[in-house]
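Hello,

Here is the structure I promised to pass on. My notes follow below it.

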Amino acid sequence: GPRSPAEFIGVAEETSMILRIGEWVIGEACAQLGEWHARGFTDLGISINLSPRQLRDRDLLPMIESTIRRHNLRPQCLEFELTETMLINGTDEVKVLLGRLRDAGVRLSIDDFGTGYSSLSYLREFPIDGIKIDKSFIVDIDDHPGDELIVKTMIALAMGLKLNVVAEGVETC
C-alpha cells in the first residue's frame, strides 16, 4: 500500500537505491509533463526534489538531459528542488553540477527555505532561481505574529536577489 517517503527515503539514500528511485521519479514526472504539453498545457512546469546522494552521482546530468530530450520538453519547464542542508554541505563538485544543470536550462530552487541552517551565503554562492518558504511559517501565520515578519523578510530578500518565491501551504490557509 501507500508509504510515506519518510518511511523509505533514509534507507534508499543509505543503500543508493535512491538513484534508481530518483531516475524513475524524474522519468515519470517528465512523461506526465510531456503528456500535459501534448494536450495543449504548454505553460505548465513541474518541480522534482533531488536527494543528497543524487547530487553526488556523476550520471545525474546526462540522465536528466536524455530524459528531457526523450519527452521533448523545454528544460525551463523543470525545476529541481534542493534543501538548505544539501547546499551547506555542498562540495565544489556540487557547485559545478548545479552550474551545469543551470547551463542545461533547468531551474533550481531551495525547498523548505528557512528550516535548515541559517546561512544565507548559499543564495549568492549557488546558482539558485528561487526559494520555497516552508509551510511551517505559513499554516499558522495568523496565530504567530513573528511568522508574518519572517515571511515578509524572506520575500523581500528573495525579491532583492531577483529570485522566485513560493509559499508552501497557502492552499490550506
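Strands β2 (residues 78–83) and β3 (residues 107–113) pair in the parallel sense over five bridges; strands count as paired if DSSP finds at least two bridges between them. Leu 82 stands opposite Ile 110 in β3. Helices (H or I, at least four residues) and strands (E, at least two) are DSSP runs, numbered from the N terminus.

This is a predicted model, in which local features need pLDDT of at least 70 and side-chain atom pairs count only at pLDDT 80 or more, while totals for chains, interfaces and linings use all residues. Residues are numbered from 1 along each chain as its sequence is written, and side-chain values use heavy atoms, leaving out hydrogens and water.

The pair belongs to an open sheet of five strands with parallel pairing, in the order β1-β2-β3-β4-β5. At its edges, β1 (46–49) and β5 (164–167) each pair on one side only.

β3 and β4 run parallel and are joined by three bridges, with Ser 109 opposite Gly 130 in β4. Four bridges join β4 to β5, also parallel, and Lys 132 has Val 166 in β5 as its bridge partner. From β4 the chain crosses through α8 to β5, a right-handed β-α-β crossover (clockwise from the first strand over the helix to the second, with the strands pointing away from the viewer).

In β4, Gly 130 and Lys 132 point one way and Ile 131 and Ile 133 the other, and all are buried (under 20% relative accessible area, 1.4 Å probe, protein chains only).

The mean pLDDT of the protein chain is 89 (the predictor's confidence in each residue, from 0 to 100).

Regards

Key:
Buried < 20%, exposed > 50% of the residue type's maximum accessible area, 1.4 Å probe, protein only.
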